[in-house]
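Subject: Structure handover, aromatic contacts

Hi,

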Amino acid sequence: MSIHSHRYQRYDGVLESPRTRFWPIAEAELRRIAKEKWARRLMVLAWMPALYQAVMLYAKLVVKKAVGIDLGAFGIYQNLLQAELGFVAVILAAFGAGLISRDIETKALTLYFTRPVDAAQYHMGKFIAAASLVLLVTFVPGVLLGIAQAVMGEVFEVGPFLDGLGRLTLASAGMAFTSASLILLLSSSGWSSRYVGATWLGLFTLLEIARSALSSVFGRSPLLDIMSLGRLFTGSVDFLFAGQTDQLPAVIALWGFGVFFAVCLRVRISTLERVRS
């Protein structure tokens, strides 16, 4: 039925507060991604390392009770985050690359930026969607593993449990902040999502190849790890969970690059707002 046959009706729905107008953008993106079957399949695969760690924890408990042999402590957080690195790269390439490029292609930015949504709220909404994809395969399974380890332990120690969760939060936040900012910056370039995803994966592989080549010539150095995104992530994990102080440059570089990418993204979105509005 044509809308012209109806009279004008005043909108009587709930108007979002200016402080939370970014949330419908993030919620809509996450709902759209959740409806895609390949997104659900990738998420299930991404949780396999966490399931493996849980099985190993249970096996350790069974062996200790049956034989009396303690197999020692497992670095569950460190092993999990390092195993999830590849899944983070693939998931963001598949479902994060189009978060902004799709809006540019469909000219949806014109609708977004016709007030009251501004560049900051649009940025925040897209960032939450991209960062949530990372946290769903790093922080969430890590918390569940920490709870499982605490439940299976003979004595629940609050201090070590909270310390592990704190380190997990810092490591996951660093990965989510930097990777989400970079994939959104690439997505805002105006390229198609396929090119953005290919560029994102290329940064992971080619920079790691270049780092390996330079390491073979000049020897392994923590400073060379700064040029590889994957090494930045694993280096921050080693610093937080293994106490490798030589990986401190990787931690600083990870957050430094994240801030740089976020600032560049804000400038890019502000430019798109001025052009589209």
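Below are the ring contacts, pair by pair.

This is a predicted model: local features need pLDDT of at least 70, side-chain atom pairs count only at pLDDT 80 or more, and totals for chains, interfaces and linings use all residues. Residues are numbered from 1 along each chain as its sequence is written, and side-chain values use heavy atoms, with hydrogens and water left out.

Rings of Phe, Tyr and Trp (its six-membered ring) pair if their centres lie within 6.5 Å; planes under 30 degrees apart are stacked, over 60 edge-to-face, the rest tilted. That rule gives eight aromatic pairs.

One of them is Y77 with F241. Their centres are 5.7 Å apart and the planes meet at 35°, so the pair is tilted. It links distant parts of the chain, 164 residues apart: Y77 sits in helix α4 (residues 76–96), F241 in helix α11 (residues 229–242). Helices are DSSP runs (H or I, at least four residues), numbered from the N terminus. Y77 is buried at 8% relative accessibility; F241 is partly exposed at 21%. Buried means under 20% relative accessible area, exposed over 50%, partly exposed in between (1.4 Å probe, protein chains only).

F257 and F261 are stacked, because their centres lie 6.1 Å apart with planes at 15°. Both belong to helix α12 (residues 248–276), four residues apart, about one turn. F257 is partly exposed at 32%, while F261 is buried at 12%.

F127, F177 and W255 make up one aromatic cluster.

Best wishes

Definitions and conventions: Helices (H or I, at least four residues) and strands (E, at least two) are DSSP runs, numbered from the N terminus.
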